[in-house]
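Please find below some notes for a colleague who is meeting this structure for the first time. They are arranged as numbered points, to be read beside the sequence and the structure.

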Amino acid sequence: YIGWGVGYLGNGATNVVFPLTVLGLGIGVMIGDGCCSFVSIALGKKDGQSAGTAVGNAIVLSAAAGLALATLYAVFQEPILRLFGATETNYGYAKEYFTWITVGMPIYLFGQTMNPVIRSDGSPRWAMVSMLAGAILNVILDPVAIFLLHWGVAGAAIATVAGQLVTAALAVVYLFRMKAIRLTSSSFRLDWKLIGRFLSLGICSFLAQISLVIAMAAT
């Protein structure tokens, strides 16, 4: 859609921003996959309290990481875009697209974190539907924003963030109807020892994603 509505410079701009999105994905899946694995182990041991604490800590950690990454992107926007290949010809498009992606980064990171957590609670269908709903909405809104509203690359980014918002919203809805895991106020108190345990389980997921970011930054 961007190629048709904006042109090759728009496509170039999205390629510049793509690895920065993948970095957020990497952090999200590290927290989410690690928590998912830990929760599965805890539930297997009939340790529901530890499972709930892990999920609560993952929620807080994903929110904090999303806000920290968005702040980093906002403060160092220009040098980051230059590092990942923005040129004088496509920098304006890259900045426009990246600004909206930065705004949505906390939402995106939260949604990616919660998806494997939902699966660990025994609801893979809900996890799948939440991801598909966001993706389908993005596909629908892209042509509307680009061709009907003439918002260009900003419209594509807004459509992406809207899809991420739907995925995150469905994750929040699920948190109120979890099956095996029970969240209490104490679940959200950070337990750094427990966080270290489930992050170590998710580090491979992070490395799998971050390798792509490193490769694209190097080229």
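1. Thr-87 is placed in the loop between helix H4 (77-83) and H5, where helices are DSSP runs (H or I, at least four residues) numbered from the N terminus. At 35% relative accessibility Thr-87 counts as partly exposed, because buried means under 20% relative accessible area, exposed over 50% and partly exposed in between, with a 1.4 Å probe and protein chains only. The side chain of Thr-87 makes a polar contact of 2.9 Å with the side chain of Thr-89; such a contact is a pair of N or O atoms within 3.5 Å, of which, within protein, one must be able to donate a hydrogen and the other to accept it, and residues adjacent in sequence count only if both atoms are side-chain atoms. Between the C-alpha atoms of Thr-87 and Ala-171, which are 84 residues apart along the chain, the separation is 38 Å.

2. This is a predicted model, in which local features need pLDDT of at least 70 and side-chain atom pairs count only at pLDDT 80 or more, while totals for chains, interfaces and linings use all residues. Residues are numbered from 1 along each chain as its sequence is written, and side-chain values use heavy atoms, with hydrogens and water left out.

3. A search of the whole structure finds two aromatic pairs, meaning rings of Phe, Tyr and Trp (its six-membered ring) whose centres lie within 6.5 Å, with planes under 30 degrees apart counted as stacked, over 60 as edge-to-face and the rest as tilted. Tyr-73 and Phe-98 form a tilted pair, at 5.0 Å centre to centre and with 50 degrees between the planes. Tyr-73 lies in helix H3 (residues 48-75) and Phe-98 in helix H5 (residues 91-120), so this pair ties together parts that are 25 residues apart in sequence. Both Tyr-73 and Phe-98 are buried.

4. Trp-126 and Tyr-174 also form a tilted aromatic pair, at 5.6 Å centre to centre and with 50 degrees between the planes. This pair links distant parts of the chain, since Trp-126 is in helix H6 and Tyr-174 in helix H7 (residues 152-175), 48 residues apart. Trp-126 is partly exposed, with a relative accessible area of 22%, whereas Tyr-174, at 1% relative accessibility, counts as buried.

5. The charged end of Arg-82 sits over the ring of Tyr-91, 4.3 Å from the ring centre; the criterion is that NZ of Lys or CZ of Arg is within 6 Å of the ring centre and within 35 degrees of the ring normal.

Methods: Helices (H or I, at least four residues) and strands (E, at least two) are DSSP runs, numbered from the N terminus.
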